[in-house]
Amino acid sequence: IMSASKNNSFCIKAQECTVAMTVLPAPQAENIPSNVIDLLGNRLSAAVAGQGVIANQDFTSFFISAKLNTLYKETVPGPPIMTALTAQITLYIGDVIGKKVFSTLTLDVKGAGNNLTRAYMNALRTVNANNPKVQDFIEKGKAKIINYFEQNYKSILAKARQRAGAKDYEAALYYATSIPSCCSGFEQASQMVEDYYSRYVNYNSAKAMQYAQAEWAQSPDAT
């Protein structure tokens, strides 16, 4: 009973928490039109946004990606002449640094259009935030990411302290800001972010002042 209760509370926690993922283009085994790949990325961003995930354009360790595999395509005589295709889309959520896959989903899709690109675009309509299979896929991946932070936030914050000690404040802030708000280490991480950001500003200001003084020393009469 205790185990079930803990699992239920964790599910609620995962639903209420926001995490960041990078939409990562996957290498495709075939020549897919670039605007189709762009549309697939946009659909992934929209799908995760509906599940409490930030589709981050900056680098994050966690990613969502998709691979498109065309199974069959044909030209259907008209009028009008149409292109029809059947494809598989495999979705992945994982950790690019840890080289782990947390969640996968394979969707069989079909599309038709007045050209190959339009047929692909119509097939991609299945990838959307209202598809229960997509929702479940994202929630499972998100829950595993939150669990990762619960188990590893102490080592992540230790890396932040180490980088701050070396005055690498950008890396320190990266580690400290990566902790989701629903994780146990968030309050501690927030305090570290405030401290490191203040140090970062002061450090850069001091460097700028040193540079200005050095430039002035070389040309004191310059205007």
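This is a predicted model: local features need pLDDT of at least 70, side-chain atom pairs count only at pLDDT 80 or more; totals for chains, interfaces and linings use all residues.
A residue is called buried if its relative accessible area is under 20%, exposed if over 50%, and partly exposed in between.

**Exercise 1. Accessibility of V23, T90 and K167**

Task: Determine to which accessibility class V23 belongs, and then classify T90 and K167.

Solution. 
Step 1. V23 is located in strand 1 (residues 19-23). Its relative accessibility is 21%, so V23 counts as partly exposed.
Step 2. T90 belongs to strand 4 (residues 82-95). With a relative accessibility of 17%, T90 counts as buried. Leaving aside residues up to four places away in sequence, T90 touches S65, A66, K67, L105 and T106.
Step 3. K167 sits in the loop between helix 4 and helix 5. Its relative accessible area of 46% makes K167 partly exposed.
Step 4. The backbone of K167 deserves a remark. Most residues other than glycine have a negative phi. K167, although not a glycine, has a positive phi of about 65 degrees.

**Exercise 2. The chain as a whole**

Task: State how many helices and strands the chain contains, and in which order they follow one another.

Solution. 
Step 1. The chain holds six helices and five strands.
Step 2. Along the sequence, their order is α-β-α-β-β-β-β-α-α-α-α.
Step 3. Of the 223 residues in the chain, 35% are buried.
Step 4. Among contacts with a separation of 6 or more, 67% are between residues 24 or more positions apart.
Step 5. A separate example concerns a distance between C-alpha atoms: those of V23 and V48, which are 25 residues apart along the chain, are separated by 9.7 Å.

**Exercise 3. Aromatic pairs around F62**

Task: Two aromatic rings form a pair if their centres lie within 6.5 Å, and the angle between their planes decides whether the pair is stacked (under 30 degrees), edge-to-face (over 60 degrees) or tilted (the rest). Classify the pair of F62 and F102 and the pair of F62 and F149.

Solution. 
Step 1. For F62 and F149, the centre-to-centre distance is 5.4 Å and the angle between the planes is 65 degrees, an edge-to-face arrangement. Because F62 is in strand 3 and F149 in helix 4, this pair ties together parts 87 residues apart in sequence.
Step 2. The accessibility of these residues is considered next. F62 counts as buried at 5% relative accessibility, and F149 is buried with a relative accessible area of 5%. F102 is buried as well.
Step 3. Ring pairs join F62, F102, Y148 and F149 into a cluster.

**Exercise 4. Helix 4 and its partners**

Task: Angles under 35 degrees count as roughly parallel and angles over 145 degrees as roughly antiparallel. Describe how helix 4 is oriented relative to helix 6 and relative to helix 5.

Solution. 
Step 1. Two packed helices are described by the angle and the distance between their axes.
Step 2. The axes of helix 4 (residues 132-165) and helix 6 (residues 186-218) come within 11 Å and cross at roughly 15 degrees. Helix 4 is therefore roughly parallel to helix 6, and their crossing is left-handed.
Step 3. Helix 4 contributes Y153, L157, A160, R161 and A164 to this contact, while helix 6 contributes Q188, A189, M192, Y196 and R199. Sorted by class, the contact of helix 4 with helix 6 has seven nonpolar, one polar and two charged residues.
Step 4. The axes of helix 4 and helix 5 (residues 169-177) come within 7 Å and cross at roughly 165 degrees. Helix 4 is therefore roughly antiparallel to helix 5. This crossing of helix 4 and helix 5 is also left-handed.
Step 5. The contact involves I156, L157, K159, A160, R163 and A164 of helix 4, and Y169, A171, A172, Y175 and A176 of helix 5. By class, the contact of helix 4 with helix 5 has nine nonpolar, no polar and two charged residues.
Step 6. In helix 5, the residues Y169, A171, A172, L173 and A176 are buried. The buried residues of helix 5 pack against helix 4 and helix 6.

Methods:
Residues are numbered from 1 along each chain as its sequence is written. Side-chain values use heavy atoms; hydrogens and water are left out. Axes are lines fitted to C-alpha atoms, for helices over the stretch in contact, and angles run from 0 to 180 degrees between N-to-C directions. Helices (H or I, at least four residues) and strands (E, at least two) are DSSP runs, numbered from the N terminus. Angles under 35 degrees count as roughly parallel, over 145 as roughly antiparallel, 65 to 115 as roughly perpendicular and the rest as oblique. A crossing is left-handed if the near helix is turned anticlockwise from the far one by less than a right angle, and right-handed if clockwise. Contact means heavy atoms within 4.5 Å. Ala, Val, Leu, Ile, Met, Phe, Trp, Tyr, Cys and Pro count as nonpolar, Asp, Glu, Lys and Arg as charged, and the others, Gly among them, as polar. Rings of Phe, Tyr and Trp (its six-membered ring) pair if their centres lie within 6.5 Å; planes under 30 degrees apart count as stacked, over 60 as edge-to-face and the rest as tilted. Buried means under 20% relative accessible area, exposed over 50%, partly exposed in between (1.4 Å probe, protein chains only).
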